[in-house]
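Hello,

I am passing on the structure we talked about, together with some notes on what turned up in it. Have a look at it first, and then read on.

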Amino acid sequence: MSALLDEATRIARQFDYPAAEVRRGVAEYIRQMNEGLTKEHTTLSQIPTFVTSVPNGTEKGLYLAVDLGGTNFRVCSIDLHGDTTFSLTQSKIMIPRETMSAGSAKELFLFLARQIESFLRIHHNEHFEAHIRRRNEKNGNCEEDLFDLGFTFSFPVRQLGINKGTLIRWTKGFDIPDAVGQDVCALLQSAIDELELPVRVAALVNDTVGTLMARSYTSPGETGTFLGAIFGTGTNGAYVEKLDRITKMQTIEHSEYDKTTGEMIINAEWGSFDNHLSVLPNTVYDQQLDADSINPGVQMFEKRVSGMFLGEILRLVMLDMHRNESLGFLKTSASSDVSVPKTSSLYRQWGIDTSLLSLVEADKTEGLEEIKAALKDHLKIERPSIADCKAIQTVVHAIGKRAARLGAVALSAVLIATNRLDKGDLVDIGVDGSLVEYYPNFEGYVREAFREVPEVGDAGDKRIRIGISKDGSGVGAALIALVASKEDARMKAQ
Ligand code: BGC
């Protein structure tokens, strides 16, 4: 084997995450998870969402939803038909990096409200105009015809009610300090009111909760969906917890909620599992990524699992190998010229997108032609050798597999701690995100790890049904807006 492949294999081994470590991770996750249910300010936040039931597919109505928290900002209207189907109209814009670190919260939220305005003008203009007419007739006072909107805001929020919650911290590269500690629903509502839009922010929704709700609406089983998880730009999960296990509810300030179901969806915020690194693997590349990030020491699980970070880990490994002259990595062999141009995003922090990892892992061609094409398209790297491509594939495989196995730690821990597998029924999990959707065999690696955890094992693995829940952040947000508006009407009637 060439020195280059030897080195790639040596580095890949650092990303091994063996069965014993998976089991240790699960035990610690359960401990941190239970701790998060008893008090605030723990590493796993375990945020109560005030959503106390999951849909059964019969819900009906027209709702608006907006989604901030991934690569794109989306505005949609969702028509729930009441028969497990829906129609969805949406517009999507990529969030400019400048907006992610805009000068002020006001700037960001006005930007969002303007997108809602143009969406309404294009897709619901009649409704919009009718509302304006009625408002003018009634001298500005018009509660009629307001659209109920579900606000999918996928960052850690201390939730105080179904449409109330303060931002704990930004993640995924967002950084607008004056928003931290503020009620994000109120911020959105005041931007909406400034533009006089016929919209009421009815619900605050994490994308994982939306995923869980959407999955439960579209594929209702006897028991509904139990868990929603995102493996995309970021990672996180939400699940159905018994109310009496959420003992911190007694100590936190909150608005009224329906207690009759005895359950509540918990947003785990597992991106911050084990921030103090008691069990998480920690290679030199993980350490470097964290040190150079805008939030060192937090989201430590996410930094090993989600799309935004896997590309960066790969970039750090590739740079390391490239700088090691003796390996000849990414140097054209004839002249030994550097084949990575200065303008390549290999030299730029966050310069590698997860889609590159998916392409690399998927390439089964003999000449690794797809990897070559991807290196050219993504990184302007010309004429890499077969050994270069193999080295990259070896490293990518190790980084991706470790991510999936870590994902399995969180999933199995939640299943075990809630005794969900003891009942013998199918357990339904809705998932979304670029990694789980496009990274080859991501689910397969997750399941391999499930079987290595004795409390899950072969039998448990067979009972776990995992399904992609598309548009969770839209449909799920609509479903929660529906629950919220019904609850609001019920309270007003009392
Ligand atoms: C956020 C979560 C979110 C996840 C997936 C994380 O960075 O903290 O709130 O659910 O990304 O989008």
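**What I found**

Leaving aside neighbours within four places in sequence, Thr 235 is in contact with Ile 230, Trp 270, Gly 271, Phe 301, Glu 302, Val 305 and Ser 306. Please keep in mind that this is a predicted model. Thr 235 lies in strand 10, which covers residues 235-242, and its relative accessible area is 4%. Since buried means under 20%, Thr 235 counts as buried. Its side chain also reaches the backbone oxygen of Ile 230, at 2.8 Å.

At least three residues come from each of domain 1 (1-48 + 220-470) and domain 2 (50-205).

Not counting residues up to four places away in sequence, Tyr 29 touches Leu 44, Ala 268, Trp 270, Phe 273, Val 409, Ala 410, Ala 413 and Val 414. As background, in soluble globular proteins nonpolar side chains tend to be buried together.

Next, Met 264, which sits in strand 11 (residues 263-267). Is Met 264 buried or exposed? It is buried, at 0% relative accessibility. Beyond residues up to four places away in sequence, Met 264 touches a run of residues including Pro 48, Thr 49, Phe 50, Val 51 and Thr 52. Tyr 239, Val 240 and Glu 241 are also among the residues that Met 264 touches.

How many disulfides does the structure hold? The count is 0. Cys 76 is in no disulfide, and the nearest cysteine sulfur, that of Cys 185, is 16 Å away. Cys 76 counts as buried, at 1% relative accessibility. Cys 185 is likewise in no disulfide, and it is buried with a relative accessible area of 3%.

Happy to talk any of this through.

Best wishes

Conventions
Residues numbered from 1 in each chain as written. Predicted model: local features only at pLDDT ≥ 70, side-chain atom pairs only at ≥ 80, totals over all residues. Heavy atoms only, no water. Helix = DSSP H or I, 4+ residues; strand = E, 2+ residues; numbered from the N terminus. Buried < 20%, exposed > 50% of the residue type's maximum accessible area, 1.4 Å probe, protein only. Polar contact = N/O pair within 3.5 Å; in protein donor to acceptor, adjacent residues only side chain to side chain. Contact = heavy atoms within 4.5 Å. Domains from an automatic or database assignment. Disulfide = S-S within 2.5 Å.
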